[in-house]
Amino acid sequence: MSTTVSGVPDDHLLEEFREEVATFIAQAITSGDACPSFGAILPPSLHMKAMHWQRFCFEHGRAGVHWPREYGGMGLTTDHNVVWHEECAAAEVAPYLNLQGLVLAGEAIMRSGTERQRETFLRPTLRNDILWCQLFSEPSAGSDLAGLQSSAVLDGDHFILNGQKVWSSNAQLAQFGILMARTDAELPKHKGITFFLLDMALAGVEVRPIKQMTGESEFCEVFFSDVIVPSDAVLGEVNGGWAVAMAVLQDERGGAGASGVISLRRRLEHMIQGAGEVSPLQVDGLIEILNRGKALQSLMERRGGDPHIAPIAKLMNSELSYDEAQLDASLHGAHSMLTSASIQALLYSPGMRIAGGSSEIQRNIIGERLLGLPREPRIATD
Ligand SMILES: Cc1cc2nc3c(=O)[nH]c(=O)nc-3n(C[C@H](O)[C@H](O)[C@H](O)COP(=O)(O)OP(=O)(O)OC[C@H]3O[C@@H](n4cnc5c(N)ncnc54)[C@H](O)[C@@H]3O)c2cc1C
C-alpha cells in the first residue's frame, strides 16, 4: 500500500485499501476475532473481546493505520484511517480497543511526547499492552475544566499528586491515564496546569466504579492520595498542559465522526420492521433523522483538516444519537422497552450529550468562536 509522490493517496489507492480492509474485517467476523462496535466508550462487558480484536489487528499489521511504522503503525495517511473507520462502521465492528488510548493518548504522545515517551507508549498501546483512561473531569470542573483542583506539587525529582477525578471511563481497566493537574496555583488558572501520563498502578491511586442507569459501570471516580509521580511522566512542558489538553479535546470532539451514520439507514430499516403501524409523524421523524445523518456525513467528508468542524461534528453526532434513540423508543412503545435492545440505546444516549463536552458547551463554542456572536458573561476567577 502506498501514496502518491506528494504523500496524498489517490482515489485508486484508497479504493484498493478499502477492498483489502473490507476483506480483512469480513474474515475476522467469520473467524470470531472481530469485536462488535460499541460507540464511543468501551463497555466492560466487551473488554476481553475488544482486547483480543486490538491484538489481532496489531498482529496482522492492521493497527494504527496512520501511525508511523517505527511505532508499530501502518505508516499510511489520515485518509486511509478514515477508510478503515468507514469499513469498520459498515461492518458494525469496533475500529479499535478504546478512544482514550488509540485516539486521545496516542495522538497526544505523537504530537507532544519526547522520543522516549513515543517509544515507551505507542507500540504497547497499539498492541493492547496498555489500556488508557482520561482523567480530566472533577466534581467541580467539567465544562469549566480550567477550574480543576487536583494538585501535583514538585518535590525534588517527582511530583506529589492529590485530588479527585470523576466520570473517568474505563479507569477500572486502565494501566495508564492521561491526567491534568494543577502544578502552580499562583498562575492564572489556564496557565498553572500540567499534563501527565499517569501509571494507574502507583501507590495512592484508588479507582471506584460508578453504576450507571444502563446497569453497566463504564466510568469511575479516581482518588489520588500523596501519589509519587516521576517527573518523566510530564507530557509537554510543566504548566503547559492546557494547550496539550485542548488538542486532545479537539481529537475527541472531531473524532465523533460520521461512522455511526454509515449504518444509519440499516438501523432505521430495522426500527420500522420491528415496529407496528408507523404514523405519518413518525415517518417524518425517520426522514429527518436520515437527512441529519446525511448532512453529518457530508460535513465529515468535506472537512479536510478544518479544526472548526470538531464542535459541530460533536454536537450533530450526539444530538442525532439521542433523537434516534427517542424515535426508536416511540416506534416500539412502552411494552417493548422492557425487553427490546432499544432500551440500551435509550439509556446510553443522554450521556453522549454530556461526554467530551456537553451540547450546551458545543453551542457556546460554535456561537462565540465560529459565528463571532457576543460572549456570554463570565465570572472573573483569575
Ligand atoms: C458517559 C460519559 C463518559 C465520560 N467520560 C469521561 C472520561 O473518560 N474522562 C473525563 O475526564 N470525563 C469524562 N466525562 C465527563 C464529561 O466530560 C463531563 O461530564 C462534561 O464535560 C460536563 O461536565 P460536568 O459533568 O461537570 O457538568 P457541568 O459542567 O457542571 O454542567 C452541568 C450542566 O450545565 C451546563 N453548562 C455548564 N456550563 C455552561 C455554560 N457556560 N453555558 C451553558 N450551559 C452550561 C452543561 O451543559 C450541563 O448541562 C464523561 C461523561 C459522560 C456522561
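Predicted model: local features only at pLDDT ≥ 70, side-chain atom pairs only at ≥ 80, totals over all residues.
Modeller: Residues are numbered from 1 along each chain as its sequence is written.

Biologist: What makes α4 and α5 roughly antiparallel to each other?

Modeller: Helices here are DSSP runs (H or I, at least four residues; strands are E, at least two), numbered from the N terminus. Axes are lines fitted to C-alpha atoms, for helices over the stretch in contact, and angles run from 0 to 180 degrees between N-to-C directions. The axes of α4 (residues 99-112) and α5 (residues 115-127) cross at roughly 160° and come within 10 Å. Angles over 145 degrees count as roughly antiparallel, under 35 as roughly parallel, 65 to 115 as roughly perpendicular, and the rest as oblique. α4 and α5 are therefore roughly antiparallel.

Biologist: How do you know which residues of α4 meet α5?

Modeller: Two residues are in contact if their C-beta atoms, placed from the backbone, lie within 7 Å. By that rule, G101, L102, A105, G106, I109 and M110 in α4 meet Q117, R118, F121, L122 and T125 in α5. This contact has six nonpolar, four polar and one charged residues. Nonpolar covers Ala, Val, Leu, Ile, Met, Phe, Trp, Tyr, Cys and Pro; charged covers Asp, Glu, Lys and Arg; the others, Gly among them, are polar.

Biologist: What makes α9 and α10 roughly antiparallel to each other?

Modeller: α9 (residues 280-302) and α10 have axes that cross at roughly 155° and come within 10 Å. The cut-off is over 145 degrees, so α9 and α10 are roughly antiparallel. Their contact has twelve nonpolar, five polar and three charged residues.

Biologist: Why does the ligand shell lie between domain 2 and domain 3?

Modeller: Domain bounds come from an automatic or database domain assignment. The chain is divided into domain 1 (11-97), domain 2 (133-240) and domain 3 (256-370). Domain 2 and domain 3 both give residues to the shell around the ligand, so it lies between them.

Biologist: Which residues come nearest to the ligand?

Modeller: A residue is near a molecule if its C-beta atom, placed from the backbone, lies within 6 Å of it. Of the 21 residues around the ligand, F136, G142, S143, S358 and E360 come nearest. β1 (132-135), β3 (158-169) and α12 (359-370) each supply at least two shell residues. By class, the shell has nine nonpolar, eleven polar and one charged residues.
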